Amino acid sequence: MGDLGVAVVIEDDVDVRNLLDAVLQQAGFEVHSAGTGRDGVDVARQRQANVITLDVGLPDIDGFEVLRRIRQFSDAYVVMLTGRDEELDTITALQGGADDYIVKPFRPRELRARITAMLRRPRVAAGDDAPTPAESGPVGSAGPAGSRRGAVLQHNGLALDTETRTVALGGTPLGLTRSEFDLLHELLKGTGAVRTRADLVRVVRGEYYGEDTYISEADERAVEVHIGNLRRKLREDPQDPRWLVTVRGVGYRLAPKRAE
Ligand code: CA
């Protein structure tokens, strides 16, 4: 296995496939690839992918359908690859559980940066006691008891465990994508201050999107879709949100703590 785990490339264009393969191998993944959607689903399942790059336009079933099938058995980090003319459709498709998307033609450096950002905040599946090497972070671990105690953020019945990267609502675990988890974490760890949509794009994308990086409307729209997914999963009451409050024209903030 590669140091970082398994990446699966689902892409019908041979040149793009070879490029993705090279970029991911160089980053430290064991890479497998597929040229059709159905093969891609099979390979992702057999190889237990940690990261998947998924082309939207495939010869058999499209990337959205592939995503739907993959999400039935995998919580891999999924990056959709899309043409400029498909960008809006793809943003909408983040509702299907993709973590991010990249518009073709993309810069290899950008893809690598996005994936590296994701790896700094790996997720351990619920019930997984022992992190795999790919999942253990750079943070030195104190004793298990000591480090775990401060790792759970609680807010209005929601508990977010930063160590296991799990979220539970009233004790029931919620299945969140990595991007959804990161956005929720960002808002929960704050003190209720407003986070702009641009701030939140940086949370999802990592340091490649520094202070001076241009953030497009599409980038911000993608964050809105992730927040919409979170609200659906949290069953937020739009009239009276318990966690995610929209600040019109700016971004989002955490709702005030309620009396128990
Ligand atoms: Ca294609």
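This is a predicted model: local features need pLDDT of at least 70, side-chain atom pairs count only at pLDDT 80 or more; totals for chains, interfaces and linings use all residues.
1. Helices H7 and H8 lie oblique to each other. The axes of H7 (residues 178-189) and H8 (residues 197-205) come within 9 Å and cross at roughly 130°. As for handedness, H7 passes H8 in a right-handed crossing.

2. Which residues of H7 and H8 make the contact? On the H7 side they are Ser179, Asp182, Leu183 and Glu186, while H8 brings Leu200, Val203 and Val204. By type, the residues of this contact divide into four nonpolar, one polar and two charged.

3. Next, have a look at arginine 197, which sits in helix H8. Is this arginine buried or exposed? Its relative accessibility is 18%, and arginine 197 therefore counts as buried, the cut-off being under 20%. Leaving out residues up to four places away in sequence, arginine 197 touches Glu220, Val223 and Glu224, and also Gly249, Val250, Gly251 and Tyr252. Aspartate 219 is 22 residues from arginine 197 in sequence, with 8.7 Å between their C-alpha atoms.

4. You will find alanine 76 in the loop between helix H3 (63-70) and strand E4 (77-83). Although in a loop, alanine 76 counts as buried because its relative accessibility is 2%. Its contacts, with neighbours within four places in sequence set aside, are Ala49, Asn50, Val51, Ile52, Arg71, Asp99 and Arg178. Alanine 7 is 69 residues away from alanine 76 in sequence, yet the two are 9.1 Å apart in space, C-alpha to C-alpha.

5. Finally, some figures for the chain as a whole. How many helices and strands does the protein chain have? There are nine helices and twelve strands. Of the 260 residues, 48% are buried; arginine 197 and alanine 76 both count as buried. Taking contacts between residues at least 6 apart in sequence, 59% join residues at least 24 apart. The chain exposes about 12900 Å², and carbon and sulfur atoms supply 48% of that area.

Terms used: Residues are numbered from 1 along each chain as its sequence is written. Side-chain values use heavy atoms; hydrogens and water are left out. Helices (H or I, at least four residues) and strands (E, at least two) are DSSP runs, numbered from the N terminus. Buried means under 20% relative accessible area, exposed over 50%, partly exposed in between (1.4 Å probe, protein chains only). Contact means heavy atoms within 4.5 Å. Accessible areas come from the Shrake-Rupley method with a 1.4 Å probe; for residues, only the protein chains shown count as cover. Axes are lines fitted to C-alpha atoms, for helices over the stretch in contact, and angles run from 0 to 180 degrees between N-to-C directions. Angles under 35 degrees count as roughly parallel, over 145 as roughly antiparallel, 65 to 115 as roughly perpendicular and the rest as oblique. A crossing is left-handed if the near helix is turned anticlockwise from the far one by less than a right angle, and right-handed if clockwise. Ala, Val, Leu, Ile, Met, Phe, Trp, Tyr, Cys and Pro count as nonpolar, Asp, Glu, Lys and Arg as charged, and the others, Gly among them, as polar.
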